[in-house]
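Here is a protein model to be read with some care.

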Amino acid sequence: MALIHAKTAAGRREIEDRGLRLAPGLRSVLLLVDGQRDGHELQQMAQGLRAPDDVLEQLAALGLIEVVGGSVERKPAVPLTTHLGDDPLRYQQLRDWMAESVRKHLGLKGYLIQLKIERSRNAVGLEQLWPEVASALGKAKSPAFANRWLEETRALVLT
């Protein structure tokens, strides 16, 4: 799970009175900060809004947002799925699990993710989609549900 940001009192005031005259990209991201979305989600949204890459750091430096939860993710140096090698049965099992999860819990909202799963050619490629799937599940269901899904997926790979 990534860091969760929320607006400070100064951030809420800025939304109301526009006193700092923020650049459009910064203001747009400030509007999206709600204490629910994590840093990864906000960064992805910021790209679509043409905000700077360090938008969260800039807003925090201005005292407009603060960290209210989450933790820093530590990515494993080696993907968990590398030990699966070229085992087609294990790859298919993981692919089916992910596709069924997306279909069952996201429906049509998960269409693009479903396409990425189908285009994936190996287990490492599927593992690279885990954060995107978990983020979508977190929005559709809850962050706790997304965390459980990630744990179950990791357990499936490690068994």
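Q: What makes the crossing of α5 and α8 left-handed or right-handed?
A: In this predicted model, the crossing of α5 and α8 is left-handed, because a crossing is given that name if the near helix is turned anticlockwise from the far one by less than a right angle.

Q: Why are α5 and α8 called roughly parallel to each other?
A: Their axes come within 10 Å and cross at roughly 25°; angles under 35 degrees count as roughly parallel, and α5 and α8 are therefore described in that way.

Q: How do you know which residues of α5 meet α8?
A: Contact means heavy atoms within 4.5 Å, and on that basis L94, M98, S101, V102, H105 and L106 in α5 meet W130, V133, A136, L137 and A140 in α8. The residues of this contact divide into 9 nonpolar, 2 polar and no charged.

Q: What makes residues of α8 count as buried, and which are they?
A: Buried means under 20% relative accessible area, and in helix α8, which spans residues 130-140, the buried residues are W130, V133, A134, S135, A136, L137 and G138. What covers them includes α3, α5, α6, α7 and α9.

Q: Which residues have the most contacts inside the largest nonpolar core?
A: They are M98 and W149, in a core of 20 residues, to which α5, α6, α7, α8 and α9 each give two or more residues. Leaving aside residues up to four places away in sequence, W149 touches W97, M98, S101, W130, V133, A134 and L137.

Technical notes
Residues numbered from 1 in each chain as written. Predicted model: local features only at pLDDT ≥ 70, side-chain atom pairs only at ≥ 80, totals over all residues. Heavy atoms only, no water. Buried < 20%, exposed > 50% of the residue type's maximum accessible area, 1.4 Å probe, protein only. Helix = DSSP H or I, 4+ residues; strand = E, 2+ residues; numbered from the N terminus. Core = buried A, V, L, I, M, F, W, Y, C linked by side-chain atoms within 4.5 Å. Axes fitted to C-alpha atoms, helices over the stretch in contact; angles between N-to-C directions. Parallel < 35°, antiparallel > 145°, perpendicular 65-115°, else oblique. Nonpolar A, V, L, I, M, F, W, Y, C, P; charged D, E, K, R; others polar.
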